[in-house]
Amino acid sequence: MQLQGRVLNEGDVTAELLILDEPLSFWGGFDSATGRIIDKQHPQEGTQLTGKLVVMPGTRGSSGTPGVLGESLRLGTGPAGLILNKADINVVAATVVVAALYDLHCPVVLLEAEAFGCLVANQVCTVNSDGVVSF
């Protein structure tokens with residue numbers, strides 16, 4: 001199946017989908033050194049995001065997100081890519097800066113609610129630079 005998304009940050013990746021049940025705050029809710037969710041209130045606390053294509057129903061966050069997410073991408077502990085159903089300038093800022101500074105690419109794609117609902121956890125999925133999500 002193929003879904004067409006809107007590209008928020010270009011990149012190509014094939015990885016396993018990790019679907020988060022609730023929005024995540026990268027600032028205070030994610031450990032960039034380990035790549036794990038550390039928010040005690042998040043239902044998936046302890047989950048490893050490293051190397052996953054993370055599907056997020058949004059973010060809770062602040063202007064600290066670019067620093068935390070960007071650092072995890074630089075360290076290699078961050079997600080391989082992100083699929084969102086609500087655009088987030090802080091997530092995009094992190095991925096754009098890391099691409100510019102370190103030539104590391106983390107695609108970010110925005111999907112409409114109907115397409116977002118088609119994604120299945122643990123499925124291997126490909127995102128390419130034109131926003132096509134296939135599995």
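In the protein chain, the 7 positive and the 14 negative charges have mean positions that lie 7 Å apart. This value, like those that follow, was computed from a predicted model. The accessible surface of the chain amounts to about 6300 Å², and carbon and sulfur atoms contribute 51% of that surface.

As to overall dimensions, the C-alpha atoms occupy a box of roughly 35 × 35 × 20 Å when the principal axes are used as reference. The radius of gyration of the protein chain is 13 Å, which agrees with the value near 14 Å that a compact globule of 135 residues would have. Of these 135 residues, 47% count as buried, and among the contacts in the chain with a separation of 6 or more, 75% are accounted for by residues 24 or more positions apart.

The secondary structure consists of 4 helices and 10 strands, and when the elements of the protein chain are followed from the N terminus, their order is β-β-β-α-β-β-β-α-β-α-β-α-β-β.

After α2 comes Gly76, a residue with a positive phi, near 85°.

How values were computed
Residues are numbered from 1 along each chain as its sequence is written. This is a predicted model: local features need pLDDT of at least 70, side-chain atom pairs count only at pLDDT 80 or more; totals for chains, interfaces and linings use all residues. Side-chain values use heavy atoms; hydrogens and water are left out. Helices (H or I, at least four residues) and strands (E, at least two) are DSSP runs, numbered from the N terminus. The radius of gyration is taken over C-alpha atoms; the globule rule is 2.2 Å times the number of residues to the power 0.38. Buried means under 20% relative accessible area, exposed over 50%, partly exposed in between (1.4 Å probe, protein chains only). Contact means heavy atoms within 4.5 Å. Accessible areas come from the Shrake-Rupley method with a 1.4 Å probe; for residues, only the protein chains shown count as cover. Lys and Arg count as positive and Asp and Glu as negative; His and the chain ends are not counted. The place of a charge is taken as NZ of Lys, CZ of Arg, CG of Asp or CD of Glu.
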